Amino acid sequence: MNLFVYGTLQSLELMRAVAGGAIGAPFAARLVGYQVLPVAGGVVPLIKSAPGQTAQGVVFTDLTDAQAARLDSYEGAFGYKAEPVEVETANGPTRAQCYMPLPELMAGEGPWSFSVWQSDHERPAVFAVQELFSHDPIPDHDTLRSMWPMMEARAWARHRATAGPATLRHTPRDGDIKVLDRKPPLGHFFRYQRFSVRHSQFRGGQSDLLSREIFEGVDAAILLPYDPVSDRVLLVEQLRFGPVIRNDPNPWMLEPVAGIVDARETPEDAARREALEEAGITLRDLAFSGSFYPSPGASTDYFYTYVGLCDLPMNEAYLGGIAGESEDLRLHPISFLGAMDLLDTGEIATGPLFFLLYWLSRHRDRLRGLT
């Protein structure tokens, strides 16, 4: 099969991840009478009939049936169907397939730029596709659409990961860690992954081949709203299923505001969004409190934490959250010292809230001086 692509699949990295296996270098082509536009509300493009316009792209040749099936799994889930076209090339007209948008896929405004997409979105797009094709079997179109936001969130978490300081700890070298024999992941929203690993040891040499399991979560923004004028914080109460399954007699937890950092979203923007969605408050300012792995032995979860300066006019507990997302939240405005008392009694039993309250105890005078 020959395939004319005009959008993100012009990326060799992404095309290799989607098609799987070896693919030859493409050659330039153009489809006369069409233009490339962004999908409404998205970062990917579609192609649309437009007399007098020309869609620029490339042609990949001799794709196998297996590669075509993978492409259909990926493109078909998001509203595209392969149709035959004739494109112009330096060597004359060439017949090829092209993924055309179905009628329900709407175009946005303005031109779409492959170079802009490539600079900002290529790497996480490859990560997301690699996760998709690690499943066995490959999810059907409806299932993939429902799983895709979390796949993208995990992809952007991988993209966001950077090396921290290593003044005391080991500085890794090439070959220090070899992850082998990854099993197909399990899970629809979160995912569970089995794999084997071998790593360098402090005593020298390599470890035995170790079989390990990991819970693959996402990056999250964690926020403690704080009113420096009234010296009060806002705590979120909700039922948590980890304590339920652990057999905790009271699984209603007191926590900070928290939420997933979505794909293409900064942790700061996620913190501000969650403050509004969960608690109905608008933050004046954000004080970054640190970022960390809460449980690196068993989970990929990574937390970006903040104290959010705000006004808390409410005195009594009130309800919050988004009902359409099955959020059942009660919000508690409480004095800072009252919250610290709950730490001492054990009524607060969530690590991020421990951390943020102790961080606030260290920086509280400074933050109150900013008012």
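**A charge over a ring**

Author: Let's start with arginine 70, which lies over the face of phenylalanine 133, at 3.9 Å from the ring centre. "Over" has a rule: NZ of Lys or CZ of Arg must be within 6 Å of the ring centre and within 35 degrees of the ring normal.

Reader: Okay, and where do these coordinates come from?

Author: This is a predicted model, where local features need pLDDT of at least 70 and side-chain atom pairs count only at pLDDT 80 or more, while totals for chains, interfaces and linings use all residues. Residues are numbered from 1 along each chain as its sequence is written, and side-chain values use heavy atoms, with hydrogens and water left out.

Reader: How many aromatic pairs are there?

Author: The count is 13. Rings of Phe, Tyr and Trp (its six-membered ring) pair if their centres lie within 6.5 Å; planes under 30 degrees apart are stacked, over 60 edge-to-face, and the rest tilted. One of the pairs is tyrosine 74 with phenylalanine 78, edge-to-face at 6.0 Å centre to centre and 75° between the planes. Phenylalanine 354 and tyrosine 358 make a tilted pair, with 6.3 Å between centres and 45° between planes.

Reader: Is tyrosine 74 buried or exposed?

Author: Tyrosine 74 is buried, at 9% relative accessible area, while phenylalanine 78 is partly exposed at 25%. Buried means under 20% relative accessible area, exposed over 50%, and partly exposed in between (1.4 Å probe, protein chains only).

Reader: And where do phenylalanine 354 and tyrosine 358 lie?

Author: Both are in helix α8, four residues apart, about one turn of the helix. Helices (H or I, at least four residues) and strands (E, at least two) are DSSP runs, numbered from the N terminus. Phenylalanine 354 is partly exposed at 30%, and so is tyrosine 358, at 43%.

Reader: New topic: which residues are buried in helix α7?

Author: In α7, residues 336-345, the buried ones are Phe336, Gly338, Ala339, Met340, Leu342 and Leu343. They pack against β10, β11, β16 and α8, where contact means heavy atoms within 4.5 Å.

Reader: What follows α7?

Author: Glycine 346, whose phi is positive, near 90°.
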